[in-house]
Every structure is written in C-alpha cells, then in structure tokens.
Amino acid sequence: METYRSIEIVHKIPNSPVFNLYLNRPSVRNALSGDFFAEFPKALASLDQNPNVGVIILSGAGGHFCSGIDLKTLTSISGGAQSADRGRTGERLRREIKTMQDAITAVEKCRKPVIAAVQGACIGGGIDIITACDLRYCTEDSFFSVKEVDLAITADLGTLQRLPTIVGYGNAMELALTGRRFSGSEAKSLGLVSKVFSSKDAMDEGVQAVAEEIAAKSPLAVTGTKAVLLRGRDLTLDQGLDYVATWNSGVLLSDDLFEAISAHNQKRRPSFSKL
C-alpha cells in the first residue's frame with residue numbers, strides 16, 4: 001500500500017470491507033498542505049478501484065479533524081502566482097484553485113461511500129471536505145467554522161456550493177458571512193451531521209457499525225444510489241427520473257438483485273460479489 005506525507009490509509013479490521021482514511025498532520029491540527037491536494041485524490045482513487053473496499057471512513061489523526069488550509073500553503077500559492085502580467089497571474093491562480101477543487105471533488109467521484117467522522121476542529125477547508133462526503137458524524141466536543149471570510153477570502157473549494165443543499169440557503173449564508181464557530185449539537189440541528197456522539201470511542205464504534213451495514217448491501221445498489229443522488233442534485237425532477245431510469249436499465253438485472261430476493265425468501269443474509 002502506497003505511503004503518503006499528509007494522509008494515511010488504515011485497514012483496522014482484517015477481512016472487513018471498511019477502510020479508514022486519515023488526514024495525518026496532527027501536529028498542525030491536520031491543516032491542508034500542498035501535499036494533501038496531490039495525495040488525497042490519488043488515495044481515494046486507489047480505494048475506489050480496490051474491490052475489497054466497500055466503505056471509507058474519513059477522519060483526522062489526533063484530536064482534530066482539520067483546521068483548514070495551511071497558511072504556509074496559502075502564502076505559497078498567492079506568492080507563486082505573482083507575475084508582471086496581471087492577466088497571467090490571474091490565469092495561473094485560477095488553475096491552482098481548480099486543481100484544489102478537483103482534490104475535494106474526488107470524494108464525490110469516488111464510487112464508494114465516504115463517511116466523515118469529525119472530532120475537534122473542522123474549520124475552513126475541513127468544511128469543504130465534509131460537505132463533499134456522503135454521511136457526516138461528529139463528537140460532542142467538535143466545532144465548526146466556515147472561516148474563509150475572516151482571512152479575506154471567498155471560500156472557493158466547494159463549501160458555498162454544497163453547504164446550502166445540506167443546511168439550507170439561509171443557514172449557509174449566515175454561517176459563511178459571519179464565519180462564526182458553531183458546535184456539534186448545532187451542526188446536528190442544521191442537518192450538517194446525522195448524529196452527535198458523546199466521545200471519540202463512541203463515534204468510532206457507531207460509525208464503524210454504520211459503515212459495515214452499508215458495506216453489507218449490494219455494491220451495485222450502493223454506488224448507484226450515491227451516483228443518482230449526486231447527479232439529481234443538479235437536475236430537475238423529470239431529468240433526475242430519466243437519469244435513474246437510464247442507470248437502472250443498465251444495472252438493475254444483476255446477480256445482486258436475484259441474490260437479494262433469494263436471501264429474503266430464505267430468511268438469510270445476502271452475500272454479494274465485490275465490485
């Protein structure tokens with residue numbers, strides 16, 4: 001398994017289809033470095049293509065999930081883009097931003113479900129990451145902030161596009177304009193997370209159980225559900241219905257369908273082939 005500088009892949013339980021992906025710079029509260037934006041999509045692609053992987057749990061090493069983009073990285077990007085030609089400076093910076101956006105969007109491009117498990121700080125770029133995830137959970141001591149406005153930046157890695165569909169337009173506007181810190185319990189009330197756990201141990205156990213439950217289902221149905229929900233976000237109702245009809249016309253008549261029906265009739269747990 002490939003080694004990385006900013007992240008780490010861990011397979012905790014032998015033969016389990018659940019793999020852990022850690023943001024792994026705990027000394028700086030997992031601030032996002034230049035390495036991260038190169039390594040994160042590569043790691044997700046490798047997990048996506050691994051047939052032994054059913055579900056990915058994304059969390060932070062140490063006591064925090066992510067404190068946002070490393071200010072050294074931010075300085076490097078802004079400094080490296082400088083040119084005597086303002087137009088060329090802007091064009092170069094746009095490409096840098098697009099590359100960083102692609103690193104976050106890699107979560108959505110991954111066929112396998114990605115579950116965010118948040119402890120401690122989830123700030124700035126951390127919000128970008130979790131809003132791209134499929135499910136989100138946190139601990140009672142976690143806290144969140146759409147912090148970019150306090151750094152004189154318009155958030156540009158996905159929060160302003162994804163957060164409104166999760167918490168509602170008005171709530172997203174308020175959080176983004178104020179940059180205020182909000183708690184795990186408020187994140188739950190807003191719908192940003194599905195559940196708040198009393199401790200990291202409780203969250204690890206609870207999220208593992210959810211991941212195992214999802215991974216036990218038909219991988220064709222799971223990947224299809226993720227793909228259709230994501231595509232439907234940007235389509236009208238009629239377009240979304242047409243898309244899922246086309247999707248299922250290609251994959252509905254699968255061995256998974258007949259196994260699910262047989263298992264139901266025989267009152268046993270189904271067993272599906274890997275994807």
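Visitor: In what order do the six strands of the open sheet stand?

Guide: Strands of a sheet pair through backbone hydrogen bonds, and they may do so in a parallel or an antiparallel way. In this predicted model, the open sheet runs in the order β1-β2-β3-β4-β6-β9, and its pairing is mixed. Strands β1 (7-10) and β9 (195-197) are at the edges with a single partner strand each, so one side of each has no neighbour in the sheet. From one strand to the next, the twist averages 25°.

Visitor: In which sense do β4 and β6 pair, parallel or antiparallel?

Guide: Strand β4 (residues 114-118) and strand β6 (residues 135-139) pair in the parallel sense, over four bridges, and Y137 in β6 is the bridge partner of A117.

Visitor: How should I read the packing of helices α3 and α4?

Guide: Two packed helices are described by the angle between their axes together with the distance between those axes. Here the axes of α3 (residues 86-109) and α4 (residues 125-132) come within 8 Å and cross at roughly 20°, which makes α3 roughly parallel to α4. The crossing is right-handed, and in it I104, V107 and E108 of α3 meet D128, I129 and A132 of α4.

Visitor: Which residues have the most contacts inside the largest nonpolar core?

Guide: In soluble globular proteins, nonpolar side chains tend to be buried together. The largest nonpolar core of this model has 48 residues, and those with the most contacts inside it are L21, F36, L58, F65, I130 and F144. Helix α1 (residues 34-49) gives the most to this core, with six residues. Another core, of 12 residues, lies apart from it, and among its members are I57, A117, F197 and V222.

Definitions and conventions:
Residues numbered from 1 in each chain as written. Predicted model: local features only at pLDDT ≥ 70, side-chain atom pairs only at ≥ 80, totals over all residues. Heavy atoms only, no water. Core = buried A, V, L, I, M, F, W, Y, C linked by side-chain atoms within 4.5 Å. Buried < 20%, exposed > 50% of the residue type's maximum accessible area, 1.4 Å probe, protein only. Helix = DSSP H or I, 4+ residues; strand = E, 2+ residues; numbered from the N terminus. Pairing = 2+ DSSP bridges. Axes fitted to C-alpha atoms, helices over the stretch in contact; angles between N-to-C directions. Parallel < 35°, antiparallel > 145°, perpendicular 65-115°, else oblique. Left-handed = near helix turned anticlockwise from the far one by under 90°. Contact = heavy atoms within 4.5 Å.
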